[in-house]
Amino acid sequence: DDTTEAGFNDIDNCTEDQKNAINALANAGIITGYKEGTFRPQANVNRTEAVVMLNRLFGRTDSAPSWATTSSLYSDVSTSYWGFGAITEASVGHFAS
């Protein structure tokens, strides 16, 4: 069952449909929540978090290609930023062969 409880400790006040969606996304590996075991259902998703989820949905990694790890493609994304790899991975071409 893809709605098996994912273990987030802050979704008790969510509706059953919301809990099922959150658990399905967690079980599919699209979302992982935060280190303290929360999902933060009332928080806005920032652009980096959205990119990470989309990469996972499309089967991409959270890592930048090896040729793109020494400098950033974007002036507002430093190579030390936690989302650098995911943003870079989402920015490079992924063409079917």
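User: How many salt bridges does the count come to in this model?

Analyst: The count comes to four salt bridges, a salt bridge being a side-chain nitrogen of Lys or Arg within 4 Å of a carboxyl oxygen of Asp or Glu. The model is predicted, so local features need pLDDT of at least 70 and side-chain atom pairs count only at pLDDT 80 or more, whereas totals for chains, interfaces and linings use all residues. Residues are numbered from 1 along each chain as its sequence is written, and side-chain values use heavy atoms, with hydrogens and water left out.

User: What makes the contact of Glu-16 and Lys-19 a salt bridge?

Analyst: Their side chains meet at 3.6 Å, N to O, and this distance is within the limit, so the pair is called a salt bridge. Side chains of opposite charge can pair when their charged atoms come close. Both Glu-16 and Lys-19 lie in helix H1 (residues 16–27), three residues apart, about one turn of the helix.

User: Why is Glu-16 called exposed, and why is Lys-19 called buried?

Analyst: Buried means under 20% relative accessible area, exposed means over 50%, and partly exposed lies in between (1.4 Å probe, protein chains only). Glu-16 has a relative accessible area of 51% and is therefore exposed. Lys-19, at 16%, counts as buried.

User: Which residue forms a salt bridge with Glu-36, and which with Asp-62?

Analyst: The partner of Glu-36 is Arg-40, with the closest N and O atoms 2.8 Å apart. Glu-36 is partly exposed at 43%, and Arg-40 is partly exposed at 37%. The partner of Asp-62 is Arg-56, with the closest N and O atoms 2.9 Å apart. Asp-62 counts as partly exposed at 34%, as does Arg-56 at 25%.

User: Why is the aromatic pair of Phe-8 and Phe-39 called tilted?

Analyst: Rings of Phe, Tyr and Trp (its six-membered ring) pair if their centres lie within 6.5 Å; planes under 30 degrees apart count as stacked, over 60 as edge-to-face and the rest as tilted. The count by this rule is two aromatic pairs. For Phe-8 and Phe-39 the centres are 5.5 Å apart and the planes are at 45°, so the pair falls in the remaining class and is tilted. Phe-8 lies in the segment before H1 and Phe-39 in the loop between H1 and H2, so the pair ties together parts that are 31 residues apart in sequence. Phe-8 is buried, at 8% relative accessibility, whereas Phe-39 is partly exposed at 22%.

User: What makes the pair of Tyr-81 and Trp-82 tilted?

Analyst: The ring centres of Tyr-81 and Trp-82 are 5.9 Å apart and the planes are at 50°, so this pair is tilted. Tyr-81 is partly exposed, with a relative accessible area of 32%. Trp-82 counts as exposed at 55%.

User: What is found at the start of H2, and which residue follows H2?

Analyst: At the start of H2, a side-chain oxygen of Asn-46 reaches to within 3.0 Å of the backbone nitrogen of Thr-48. Gly-59 follows H2 and has a positive phi, near 75°.

How values were computed: Polar contact = N/O pair within 3.5 Å; in protein donor to acceptor, adjacent residues only side chain to side chain. Helix = DSSP H or I, 4+ residues; strand = E, 2+ residues; numbered from the N terminus.
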